[in-house]
Amino acid sequence: MFNNFHFMNGNVIIGGNVTNTKEMFLNCTNFSKDITIPDSVVDSYHMFNNCINLNANVNIGNGVTNCHEMFYNCHLLDSNVNIGSSVEDCSWMFYNCTNFAKNVYIPDSVTNVYQMFNNCNNLKFLTFSNFDTSLTKSMKYMFNNCYSLNNSNLPNLDLSSVTDF
């Protein structure tokens, strides 16, 4: 929809009838307005992929289940991201967000965390609340190259279903 915009600072309101925001802001190099994804949206795959300078708070609605590569390569991501309660797929979600240093709350609905924070060099803290990993198959590279990660509220994890570390 707004693919390849170089600067976006106007208000963005996503209507309640929208169900797919796939690649909506793909390659927008600068994005600086807060955005709420309504509960009607299910798929936010690649929504902000390659938005190099994303500086907007993002509230992911409770209907969203797919956040695969949502912030992939958002190198200068400096935003609060609130993950909705129905999100299942967070694979590659923050991959290569090298400057991302905000706290992240991961709801217990998340089942796919493959490379979720890979190369998030400045990520310092994560909060898990009853993070249910009993259905998770792959946690491989979840925290790869997270050099600054030093304090996380990790609950007891059931890793019996994980087949790929």
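User: Why is Leu159 called partly exposed?

Analyst: In this predicted model, Leu159 has a relative accessible area of 34%. Buried would need a value under 20%, and exposed one over 50%. Since 34% falls in between, Leu159 counts as partly exposed. You'll find Leu159 in the segment after strand E8 (151-153).

User: What makes Leu157, Leu159 and Phe165 a nonpolar patch?

Analyst: Residues of a patch need over 30% relative accessible area, and nonpolar side chains are joined within 5 Å. Together with Leu157 and Phe165, Leu159 forms a nonpolar patch on the surface, with about 280 Å² of accessible area for the three.

User: And Gln115, why is that one called buried?

Analyst: Gln115 has a relative accessible area of 6%. That is under the 20% cut-off, so Gln115 is buried. Gln115 sits in the loop between strand E6 (104-106) and strand E7 (125-128).

User: What is Gln115 in contact with, leaving aside its neighbours within four places in sequence?

Analyst: Its contacts are Trp92, Tyr95, Lys140, Tyr141 and Met142. To count, heavy atoms have to lie within 4.5 Å.

User: Let's turn to rings. Why is the pair of Phe25 and Phe31 called edge-to-face?

Analyst: A search of the whole structure turns up 12 aromatic pairs. For Phe25 and Phe31, the ring centres are 4.8 Å apart and the planes stand at 65°. Phe25 is buried at 0% relative accessibility, and Phe31 is buried at 1%.

User: What makes Phe94 and Phe100 a stacked pair?

Analyst: Here the rings are 4.8 Å centre to centre, with 10° between the planes. Planes under 30 degrees apart count as stacked, so the 10° of Phe94 and Phe100 settles the matter. Phe94, at 0% relative accessibility, counts as buried. Phe100 is buried too, with a relative accessible area of 0%.

User: Which residues do the ring pairs link into a cluster?

Analyst: The cluster holds Phe25, Phe31, Phe48, Phe71, Phe94, Phe100, Phe117 and Phe143.

User: How do you know that Lys102 and Asp78 form a salt bridge?

Analyst: Their closest N and O atoms are 3.6 Å apart. A salt bridge needs a side-chain nitrogen of Lys or Arg within 4 Å of a carboxyl oxygen of Asp or Glu, so 3.6 Å passes. The structure holds one salt bridge. Lys102 lies in the loop between E5 and E6, and Asp78 in the loop between E4 and E5, so the pair ties together parts 24 residues apart in sequence.

User: Are those two buried or partly exposed?

Analyst: Lys102 has a relative accessible area of 24%, so it is partly exposed. Asp78, with 37%, is partly exposed as well.

User: What makes E4 and E5 paired strands?

Analyst: Two bridges join strand E4 (residues 58-60) to E5. Pairing takes at least two bridges, so E4 and E5 qualify. Asn59 stands opposite Asn82 in E5.

User: Why do E2 and E5 stand at the edges?

Analyst: The open sheet has three strands in the order E2-E4-E5, with parallel pairing. Strand E2 (35-37) and strand E5 (81-82) each have a single partner strand, so one side of each has no neighbour in the sheet.

Terms used: Residues numbered from 1 in each chain as written. Predicted model: local features only at pLDDT ≥ 70, side-chain atom pairs only at ≥ 80, totals over all residues. Heavy atoms only, no water. Patch = residues over 30% accessible without salt bridge, like charges linked within 9 Å, V, L, I, M, F, W, Y side chains within 5 Å. Areas by Shrake-Rupley, 256 points an atom, 1.4 Å probe, with all protein chains shown as cover. Helix = DSSP H or I, 4+ residues; strand = E, 2+ residues; numbered from the N terminus. Buried < 20%, exposed > 50% of the residue type's maximum accessible area, 1.4 Å probe, protein only. Phe/Tyr/Trp six-rings, centres within 6.5 Å; stacked < 30°, edge-to-face > 60°.
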